[in-house]
Structures are given as C-alpha cells and as structure tokens.
Amino acid sequence: MAAAGSESQQAALVLDFDSTLSTPTWLSRAQQWAVADNLPLFESMDEAEIIANLGGAARLATLHTLLGALEASGVVLHIVSIGRKAAIVPHLRAARLLPYFGERDCEELRSLGFVKGRLIKRIMHARGWAHAEVLFVDDSQEHLDAAAEARKCSGRLASARQSAQHCGEVGVPHDDGHE
Ligand SMILES: [Mg+2]
C-alpha cells in the first residue's frame with residue numbers, strides 16, 4: 001500500500017478498533033453499544049454477537065482476505081485503540097483475527113494521554129520505520145488530526161471512508177457516533 005508512484009513498500013498498517021476494524025452494534029439485551037471500552041459487555045458477548053460486531057460473516061471474510069494479503073506481503077499489522085485490550089483480544093481470537101496482530105498496545109495508550117499518534121511514533125521509533133512506511137486508519141478525524149498535527153504519522157493519513165476505498169472492499173463503519 002505504498003503511495004501512488006512510490007516504489008517503497010509499506011511497513012506497517014495501524015488500525016483503530018471501534019468503527020474501523022469493528023462495526024459497533026447496539027445490543028438490545030444490554031441497552032448498550034458494543035464498544036471496546038466496555039469490558040463487562042464485551043466479556044458477555046457470545047460468538048454470534050462478536051461476529052455481528054465485526055460486521056457479519058461476509059465482512060469478516062473480507063477482512064481475512066485483506067489482512068492475510070497484507071501479512072503475506074510483509075506488512076506488519078497493529079491495532080491502536082482507546083478500547084480495552086482485555087476486551088479486544090478475545091474478540092479477535094473468536095473471529096480468528098488475532099494471529100494477524102503481533103503487537104497489541106491498547107493499554108500503553110492510556111499512559112500517553114490517549115493520543116494515538118504518540119504511541120504510533122513510539123512504535124515507529126522502536127521498529128525504525130519512516131513516516132512514509134506507516135499507514136494509520138481510523139474513523140475518527142480527531143485522532144487523525146492529532147497524529148498529523150504532532151507529525152507522528154505523516155505518510156498516508158486518510159479518513160476511514162477514504163481508506164476503505166483505498167483498501168478495496170473493507171466496509172465503511174456505520175455512522176453511529178462511536179470512535
Ligand atoms: Mg474508532
């Protein structure tokens with residue numbers, strides 16, 4: 001997913017979880033949105049609810065195709081989320097998505113003021129990645145703007161909608177107000 005016209009290979013794809021990797025659903029039994037900062041709710045969800053929260057079986061199959069292709073091409077996949085790691089990991093495991101993600105940094109983000117760009121910069125420095133080698137995808141313009149303003153990940157910032165188009169078949173999250 002290198003920039004158009006560039007011969008450099010993308011080293012990493014950093015994905016938000018809620019409304020980027022997931023498509024938060026309203027659980028009527030709990031009268032709550034299924035977002036990853038709600039650990040008790042996530043822990044109570046069965047496999048069918050988890051699959052639904054990831055957009056359903058068809059979207060999940062597309063995610064497997066996309067993430068598998070990226071992994072095969074050498075792209076390292078990260079999730080950077082303000083959600084709880086303890087909530088996200090079991091969901092990824094249930095959906096068989098967990099093996100794609102070698103590092104999970106959800107909790108560390110809390111110590112960095114929830115500014116995702118700071119954590120991305122820390123990961124980039126540790127791995128020796130340049131800005132142009134990292135693509136950050138998030139449905140929140142606020143998070144994208146914060147990362148860009150801090151010059152944390154300047155290579156290919158894009159809105160979730162633009163990124164979905166760029167990546168091909170990844171569904172655009174519902175506009176439900178969750179990030
Ligand atoms: Mg989000």
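This is a predicted model: local features need pLDDT of at least 70, side-chain atom pairs count only at pLDDT 80 or more; totals for chains, interfaces and linings use all residues.

Trainee: Let's talk strands. Which strands does β1 pair with, and which way do they run?
Mentor: β1, residues 12-15, is joined by four bridges to β4 (residues 76-79), and the two run parallel. Another strand, β6 (residues 134-137), is also joined to β1 by four bridges, and that pair runs parallel too.

Trainee: Can you give me some actual partners? Say, what does Leu15 bridge to in β4?
Mentor: Leu15 has Ile79 as its bridge partner in β4. On the β6 side, Ala12 is partnered with Val134.

Trainee: Where do the β1 residues point, and are they buried or exposed?
Mentor: Ala12 and Val14 point one way, Leu13 and Leu15 point the other way, and all are buried.

Trainee: What about the faces of β6?
Mentor: Both are covered. Val134 and Phe136 sit on one side, Leu135 and Val137 on the other, and all are buried.

Trainee: Switching to helices. At what angle do α7 and α8 cross?
Mentor: The axes of α7 (residues 116-127) and α8 (residues 141-149) cross at roughly 50° and come within 8 Å. The two helices are therefore oblique to each other.

Trainee: Which residues make that contact?
Mentor: From α7 there are Lys116, Gly117 and Ile120, and from α8 there are His143, Ala146 and Ala147. By type, the contact residues of α7 with α8 split into three nonpolar, two polar and one charged.

Trainee: Which residues of α7 are buried?
Mentor: Lys116, Gly117, Leu119, Ile120, Lys121, Ile123 and Met124 are buried in α7.

Trainee: How does the length of α7 hold up at 1.5 Å a residue?
Mentor: It agrees: 12 residues should span 16 Å, and the end C-alpha atoms are 17 Å apart. For α4 (residues 57-72), the 16 residues reach 22 Å from first C-alpha to last, close to the 22 Å expected.

Trainee: Last one: why does Ala94 count as partly exposed?
Mentor: Because Ala94 has 16 C-beta neighbours inside 10 Å, and being buried would take 20 or more. Ala94 belongs to helix α5, residues 85-94.

Trainee: And what is Ala94 in contact with, leaving aside its neighbours within four places in sequence?
Mentor: Glu47 and Ile50. The C-alpha atoms of Ala94 and Glu47 are separated by 6.6 Å, though the two are 47 residues apart along the chain.

Technical notes. Residues are numbered from 1 along each chain as its sequence is written. A residue is buried if 20 or more other C-beta atoms lie within 10 Å of its own, exposed if 12 or fewer, and partly exposed in between; C-beta atoms are placed from the backbone. Two strands pair if DSSP finds at least two bridges between them. Axes are lines fitted to C-alpha atoms, for helices over the stretch in contact, and angles run from 0 to 180 degrees between N-to-C directions. Angles under 35 degrees count as roughly parallel, over 145 as roughly antiparallel, 65 to 115 as roughly perpendicular and the rest as oblique. Two residues are in contact if their C-beta atoms, placed from the backbone, lie within 7 Å. Ala, Val, Leu, Ile, Met, Phe, Trp, Tyr, Cys and Pro count as nonpolar, Asp, Glu, Lys and Arg as charged, and the others, Gly among them, as polar. The expected span of a helix is 1.5 Å times one less than its number of residues.
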